[in-house]
Amino acid sequence: MSSLKVLSVAQCNLNGTLPRQGLCDLKYLEEVSLSRNNFIGRLPPCLGNLTFLRVLDLSQNQFIGNIALSPLSSLLSLEYLLLANNNFEIPISFESFANHSNLKFVIADYNSVIVQTSSKLSWIPKFQLEAFSISNCSKMPSFLHYQHDLRLLRLSQSNIGGNFPNWLLENNSRLGEVYLGGNAFTGSLQFPFIPNLEAFDISNNKIQGQVPPNIGPIFPNLVISTMSNNMLEGMLPSSFADMKNLECLDMSYNKLNGELPIGLASRGSKLYFL
């Protein structure tokens with residue numbers, strides 16, 4: 001057992017706090033899944049001894065504590081960190097993970113996000129995330145300005161204000177899924193070419209202006225597009241009809257006018273929701 005590399009006890013109806021002995025003695029663990037149980041309390045400090053740990057899934061439990069002060073900040077081999085649906089306190093700066101150069105996936109929805117002043121005027125993370133998901137953060141995480149390899153970005157239901165972050169799309173041309181609904185973004189849309197984008201949700205914001213007329217060729221593989229409940233104006237771009245994989249298009253509750261583009265729901269179209 002001392003040489004065990006993978007431990008999964010997901011959905012085993014386990015409860016209580018994590019034991020200080022046993023788990024922490026398995027120093028060669030590389031993957032640990034404790035998800036979908038009823039664990040409570042703080043993470044034991046000895047968890048920081050698992051220096052080979054690459055994958056840690058703690059989602060859907062009742063863990064507590066500030067992750068910046070937890071042993072997670074010392075696990076420099078982490079690649080996948082899954083924390084969703086707990087009672088963790090998550091500093092929006094993520095500064096305590098600045099040196100986690102291997103970190104690729106951070107899924108932290110449905111925890112308590114705290115706005116914490118950074119100890120440094122500016123810091124540049126050593127990680128390049130492929131997936132980042134968090135909710136209720138109220139402020140744009142500043143480290144996202146340094147990310148250029150995102151494939152999944154979810155900042156839904158966070159009430160983040162300011163101009164729509166076109167720069168996030170410009171900096172991450174490999175994005176496949178973008179979920180920015182339920183914020184307070186204003187301003188206009190200026191989309192770059194993102195060939196792999198399949199899901200795009202910017203609903204329930206305060207975005208103004210027109211939908212870029214070239215949205216078809218710049219999002220050629222879009223499958224689901226939700227832009228409802230904004231203040232978008234003008235006509236629906238005819239280039240929507242060029243999206244051969246489009247299945248769902250929700251533009252409701254805007255200020256659009258004019259006719260639907262010819263060919264949007266023509267024979268051969270995959271569109272089933274409009």
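Guide: One term to begin with: a disulfide here is a pair of cysteine sulfur atoms within 2.5 Å. The model is a predicted one, in which local features need pLDDT of at least 70 and side-chain atom pairs count only at pLDDT 80 or more, while totals for chains, interfaces and linings use all residues. Residues are numbered from 1 along each chain as its sequence is written, and side-chain values use heavy atoms, with hydrogens and water left out.

Visitor: How many disulfides by that rule?
Guide: The count is 1. Cys-24 and Cys-46 form a disulfide, with 2.1 Å between their sulfur atoms.

Visitor: Right-handed or left-handed?
Guide: The link of Cys-24 and Cys-46 is right-handed, with 65° about the S-S bond.

Visitor: Which parts of the chain does the pair tie together?
Guide: Cys-24 is in the loop between strand 2 and strand 3 (31–33), and Cys-46 is in the loop between strand 4 and strand 5 (55–57), so the link ties together parts 22 residues apart in sequence.

Visitor: Now strand pairing. In which sense do strand 2 and strand 4 pair?
Guide: Strand 2 (residues 15–16) and strand 4 (residues 38–41) pair in the parallel sense, over 2 bridges. Pairing requires that DSSP finds at least two bridges between the strands. Gly-16 stands opposite Phe-39 in strand 4.

Visitor: What about strand 4 and strand 6?
Guide: Strand 4 and strand 6 (residues 62–66) run parallel and are joined by 2 bridges. Gly-41 has Phe-63 of strand 6 as its bridge partner.

Visitor: Next, salt bridges. How many?
Guide: The structure holds 5 salt bridges, a salt bridge being a side-chain nitrogen of Lys or Arg within 4 Å of a carboxyl oxygen of Asp or Glu.

Visitor: Which residues are linked in a network?
Guide: Salt bridges link Glu-30, Glu-31, Arg-54 and Glu-79 in a network. Arg-54 meets Glu-30 at 3.6 Å, N to O. That pair links distant parts of the chain, with Arg-54 in the loop between strand 4 and strand 5 and Glu-30 in the loop between strand 2 and strand 3, 24 residues apart.

Visitor: And Glu-31 with Arg-54, what is the distance?
Guide: The side chains of Glu-31 and Arg-54 meet at 3.0 Å, N to O. Glu-31 lies in strand 3 and Arg-54 in the loop between strand 4 and strand 5, so this pair ties together parts 23 residues apart in sequence. Arg-54 is partly exposed at 25%, Glu-30 is partly exposed at 24%, and Glu-31 is partly exposed at 29%.

Visitor: Which residue meets Asp-149 in a salt bridge?
Guide: Arg-151 does, at 3.0 Å, N to O. Asp-149 counts as buried at 15%, whereas Arg-151 is partly exposed at 30%.

Visitor: Changing topic: how is the chain divided?
Guide: The chain is divided into domain 1 (1–147) and domain 2 (162–273), with bounds from an automatic or database domain assignment. Their centres, taken over C-alpha atoms, are 33 Å apart.

Visitor: How many residues are in contact between them?
Guide: In domain 1, 4 residues are in contact with 6 residues of domain 2, where contact means heavy atoms within 4.5 Å. The count of salt bridges between domain 1 and domain 2 is 0.

Visitor: What area do the two domains bury?
Guide: Domain 1 and domain 2 bury about 420 Å² between them, 69% of it on carbon and sulfur atoms. Met-140, His-145 and Gln-147 lose the most area on the domain 1 side, together 81% of what that side buries. Buried area is the accessible area (1.4 Å probe) that two parts lose on being put together, summed over both.

Conventions:
Helices (H or I, at least four residues) and strands (E, at least two) are DSSP runs, numbered from the N terminus. Buried means under 20% relative accessible area, exposed over 50%, partly exposed in between (1.4 Å probe, protein chains only).
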